[in-house]
Structures are given as C-alpha cells and as structure tokens.
Amino acid sequence: MPVNQFVLGITHCIHEVMVTNGELSVRIQEGIHPSYINGFQLVAIVPEPSQMMTFGLGSFCMLIPKKRRK
C-alpha cells in the first residue's frame, strides 16, 4: 500500500447506489485473503432546489427578446 496516498481500487472504492425503497443495507463478507475495514462513509446526493431554480431562470432569461436602442 502506498504511504499516505489514496489509490482507487487499492486503498478505497466508490460505489453509487440508487435507493428507491428508502432502505440501504450493507453486507460485509469475509473473503479468502485477510482484509480490514477501518470505516466507511455514506453520502446522500440530493439535487438542491436552488440549482434547479438557477438553471430555470437562466433558461427563461435567454428566451426573452432583447430590446434594441435607437
């Protein structure tokens, strides 16, 4: 293992899971080689309403015709 470096697939892994029923279960099973789990992190990714509003307002502003000065 590299010293003080994170290497995807060696020191950690990333899994994206879509939860549709409101439940998430994690099962850890012993393998052939000795392995250790020092911890794991769960992150909920939920789109923020402010991002959607900003995109919607930006799109709306592009549709409004600009007035020309004479």
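Reader: How much space lies in the largest pocket?
Author: About 1,400 Å³. A pocket here is an open set of points on a 1 Å grid over the protein atoms alone, with protein on both sides within 12 Å along at least five of seven lines. A volume is the space filled by probe spheres set on the points, which are joined across faces, edges and corners.

Reader: What kind of model is this?
Author: This is a predicted model, in which local features need pLDDT of at least 70 and side-chain atom pairs count only at pLDDT 80 or more, while totals for chains, interfaces and linings use all residues. Residues are numbered from 1 along each chain as its sequence is written, and side-chain values use heavy atoms, with hydrogens and water left out.

Reader: Which residues lie nearest the centre of the largest pocket?
Author: Cys-13, Ile-14, His-15, Phe-40 and Gln-41, out of a lining of 31 residues. A lining residue has an atom within 4 Å of a point.

Reader: How does that lining divide by class?
Author: Into 19 nonpolar, 10 polar and two charged residues. Ala, Val, Leu, Ile, Met, Phe, Trp, Tyr, Cys and Pro count as nonpolar, Asp, Glu, Lys and Arg as charged, and the others, Gly among them, as polar.

Reader: And what lines the second largest pocket?
Author: Ile-28, Gln-29, Glu-30, Gly-31, His-33, Ser-35, Tyr-36 and Ile-37. The space in the second largest pocket is about 160 Å³.

Reader: Switching topic. How many helices and strands does the protein chain have?
Author: One helix and zero strands. Both are DSSP runs numbered from the N terminus, helices being H or I with at least four residues and strands E with at least two. The helix α1 covers 49–63, and Met-18 sits in the segment before α1.

Reader: Is Met-18 buried or exposed?
Author: Exposed, because its relative accessible area is 74%. Exposed means over 50%, buried under 20%, and partly exposed in between, with a 1.4 Å probe and protein chains only.

Reader: What about Glu-16 and Val-17, buried or exposed?
Author: Glu-16 counts as exposed at 76% relative accessibility, and Val-17 counts as exposed at 58%.

Reader: What share of the chain counts as buried?
Author: 0% of the 70 residues.

Note on methods:
1 Å grid on protein atoms, 1.4 Å probe; cavity = no way out; pocket = protein on both sides within 12 Å on 5 of 7 lines; lining within 4 Å.
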